[in-house]
Amino acid sequence: MLVALPRHSGIDAALDYLSPVALPVGQLVRVPLGRRVVMGVAWDGGASEPADPGHPDDRAHPSHPTHPADPVAVGEAADLKPVAEVLEALPPLDAGWCELVRFAAGYYQRSLGELALTVLPPELRDVDGVQLQRRLKRLAKRSAVPSIAGEVPGAPTLPALSEDQQAVLTALAASAPATHLLHGVTGSGKTEVYLRAAEAELAKGRQVLVLVPEINLTPQLEARFAQRFPAHRLVSLHSGLTPAQRLQHWLAAHLGQAQLVLGTRMAVFASLPRLGLIVVDEEHDPSYKQQEGARYSARDLAVWRGRQANVAVLLGSATPSLETWLNATPAPEGPGRYQRLAMPRRIGDGGLPAVRLLDLQRVVGMHGSRVMREHPLAPELLAALRERVARGEQSFVLLNRRGYAPVLHCTGCGWKSGCPHCSAWRVFHKVDRSLRCHHCGFSERVPRACPVCGDPDIQPMGRGTERLEEQLAEQLPGARIGRIDADTTRSKGSLESQLAAVHAGEVDVLVGTQMVAKGHDFRRMTLVAAVNADSALFSSDFRAPERLFALLLQAAGRAGRDAAHAARSEMWIQTWYPDHPLYQALQAQDYEAFAASQLAERRVASLPPFSCLALLRAEARSQEAALGFLHEAARAAEALGALQAGVQIYPPVPAALQRVANVERAQMLLEAPLRPPLQRLLAAWVPRLQEANRGEHRVLRWAVDVDPQAI
Ligand SMILES: Nc1ncnc2c1ncn2[C@@H]1O[C@H](COP(=O)(O)OP(=O)(O)OP(=O)(O)O)[C@@H](O)[C@H]1O
Ligand SMILES: [Zn+2]
C-alpha cells in the first residue's frame, strides 16, 4: 500500500495491511498510519523504485513496461493492521497512471508513496467513503445537466486551414503515435492544429490532455476548446481552483466523464483512462518544471506518458527549448527522437513584425546623456508610440520587473533598501508606499528618512512596471495606459477583466511583464517594445540567452497578428549592445540559427542537452552547515564510485541567492555525460543523504533537483 511518507522517513517501499479481499493495484483505500487514518493506494509488492528508470526523453521503454495484472493479496502476517476502508465507489487508478507515478518517483528521486499521494487532489486525500459518495452524486447531477437541457448547440463553423496547418495535420494523421515538435512561428495558428488533432481523438471516444504553462493562459484556451467542442465535457486542473472544484474536475477525468482536460503542469498526473492525445503548448516554458517537492518536468513526463500509453504527444512552440530542438533534429545531426513539424508562416501570410534595435549610445549622442537618465524611453520610441495612439492601434511595452523601483537609496550616505532576512533588495511599491521583499515577503512602510543617516532624500533607483506606467502617462498625455503584472492581478478575475479591456481596445499602451508577452492573441497590437532587456544579457545562468531570446520573440509575436496590420508592425528593443549576437539573431527572426549557435556553445561546455545535471540543494541556519553537509554528501558520492562511473561532482558553493528568510542556501552540482550512470548514482546516494545530515553539519532541508532549470 502506498501512503504519503517522504523519502526521509526511511520507509521507501509500500506498507503492508490486511484486507479480507484481494485489492486491485491502484485501488484507493483508507488505512491506519500511526494514530491517523490516511489515504493509500493499493500497490504490488515491488514498490521500490527501478534503479535505472531512463529519462522521460529516452526512446527505450521504461524498465516496468507491463503492469502486474494480478490483484494484490494484501498482507498475511498476523501483526498487520487491517485496511480501514476500501473506496469502492471509485475505479482503481489504471496501470498507465501507476507506471507514470512509479517512473516519476524513480527519476526525480522521491518516495513513491509521497509522490503518488501528492499528485492526487488534496481534497481526495481527506474524504472517507461516505463523503466520496456525496461528491460523486453531485458530479453525476452536474454532468447530467447538458443532456437534460437537451439541445447541444449546432456544430461551430471551422476556419479553412492554412496550407501549413493542413500539411502538419496530414503528417500527424499519417504518423504512428509519436512525439512531435510543432514548431510554428507566433500567429501561425498552432491552436487550430491542437483543436483538429483533438477532434480526431474525441471522435474515437478518447480523452485529450492539454497542458499550458501558466494559469493565466488557461481561460482563453479553455474558451476556445469549449466553443469548438460544445458536446464534450471539458475540465481544468490548476492551482487556481478551490479544493472542491479540483476534486470534481479530477473525478470527472478519472471517471472518463470529461473528455478534455486542460491544465498546468500538475495536470500531467491526471487520471485519464482513455487517453488519446497529449498537447503541451509553449513547451519551452520554464513553468513546466515544478520548483519544490518532487521537482518534475511536466513536459518531459508528458513525453514519457505519451510513449508509455502509445499516444501522440504534440509539443508546440515558436521557440522550442534547446533540449526539444535537439531531440527533434533528424539524424545524423541529432538523435531524431521527435518528429519536427514546421509552420513557418503566419495566418493570412502577414509577416512577422520587423525588429528594430534602438541603439542607446546613438540616442545619447543625439539628445545628450540626461535623456535616458530621466526618461525610460528614448524620444524615438516615444514618437513611435504616439503615432500608434493617434492611429488607434495598440502597443505593448515589456519590462520584466514589477514594482515601482527595484531598490530605494539614500543620496546622502548611500544606504539601500536591503532585506534584513535575505540577500536581496526590497522593492519599492508606490501604491501602498511599501518596501517589499519578493523573496520572503517581508514588507514595511517606506521610512520618512534614511534609517542610517536621517537624510530625508531617499530616492528610487531603477524602474519597475509601476514607475514605467506612471512615466508613460506623463509623457503620453491623453493616451490610455494599462498595466498587467503579478501585482495588478492578485484578486480573482482581475486578470481576465484586464485582458478583456485590452482586447476591447480600451487600452492604448499596455505595460506588462512576461506574463502578457506570450500566448495572447491581441488583434490590434502593432508595436511591442522591450525597454530593459539588456539586464538579462550577462546573466551567469547558462539558460539565460535561451530564455531571453524566447521571451523577446514571443513578445514580438504579440504584434501584427491581424494580417491587415502586419506590414507596419514592429518590435523595438532599446539597447546599449545592438551588435550582441542574440539581438542580431532576433532581428533576423532566425530561431534556427540562434539554436544552432547556442547548441554549439553548450556542446563545447558540456552543458545540457549534451550532459545531464542534478543539483543537491541544502538550506541551513549557517552557510558553514549547508556547505559542510554538501561536502559530506560529496564524500558519500565518491565512496559510491561517482568518479569511476563518470559522474563529476563540482565543489559546493553558496546559492546565487544566498540567504532567504534568514536561511542560508548552498548547492552542489553533479554532471554526467549520460543519464544511466547519473541515475544509478542518485538512486544509491539519495538514501544515504539522510545519514549525512546528522551531527555538526545538520541542515534544515535538502533536496535533489534532477534536470535543474537554473544552476
Ligand atoms: N485556418 C485559419 N484561418 C483563419 N484564422 C485562423 C486559422 N488558424 C488560426 N487562425 C487565427 O489566427 C490567430 C493566431 O492563431 P494562434 O493564436 O493559434 O497562433 P499561435 O500559433 O498559437 O501563436 P502564438 O505562438 O503567438 O501563441 C488566431 O486569432 C486564430 O483564431
Ligand atoms: Zn526578504
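Reader: Is Cys 410 buried or exposed?
Author: This is a predicted model. Cys 410 is found in strand β13, residues 407-410. A residue needs 20 or more other C-beta atoms within 10 Å to count as buried. Cys 410 has 21, so Cys 410 is buried.

Reader: Is Cys 413 buried or exposed?
Author: Cys 413 lies in the loop between β13 and β14. The cut-off for exposed is 12 or fewer C-beta neighbours. Cys 413 has 12 inside 10 Å, so Cys 413 counts as exposed.

Reader: At which residues does UniProt place the feature "binding site"?
Author: The entry is unreviewed. The residues it lists span 44 residues in sequence, yet no two of their C-alpha atoms are more than 8.6 Å apart, so they gather at one spot. Leaving aside neighbours within four places in sequence, Cys 410 is in contact with residues including Cys 450 and Cys 453. UniProt gives Cys 410, Cys 413, Cys 450 and Cys 453.

Reader: Which strands stand at the edges of the open sheet?
Author: The sheet has 7 strands, and the pairing is parallel. Their order is β6-β7-β5-β8-β9-β4-β10. An edge strand here has a single partner, so one side is left without a neighbour in the sheet. The edge strands are β6 and β10.

Reader: Which residue in β7 is the bridge partner of Val 210?
Author: Strand β5 covers residues 207-211, and β7 covers residues 260-263. The two run parallel, joined by 4 bridges. In β7, the partner of Val 210 is Leu 262.

Reader: Which helix packs on the sheet, touching β4, β5, β8 and β9?
Author: Its direction makes about 155 degrees with that of β8. The helix covers residues 298-309 and is α9.

How values were computed
Residues numbered from 1 in each chain as written. Chains lettered and ligands numbered in written order. Predicted model: local features only at pLDDT ≥ 70, side-chain atom pairs only at ≥ 80, totals over all residues. Pairing = 2+ DSSP bridges. Contact = placed C-beta atoms within 7 Å. Axes fitted to C-alpha atoms, helices over the stretch in contact; angles between N-to-C directions. UniProt positions renumbered as here; feature names shortened; annotations may be inferred.
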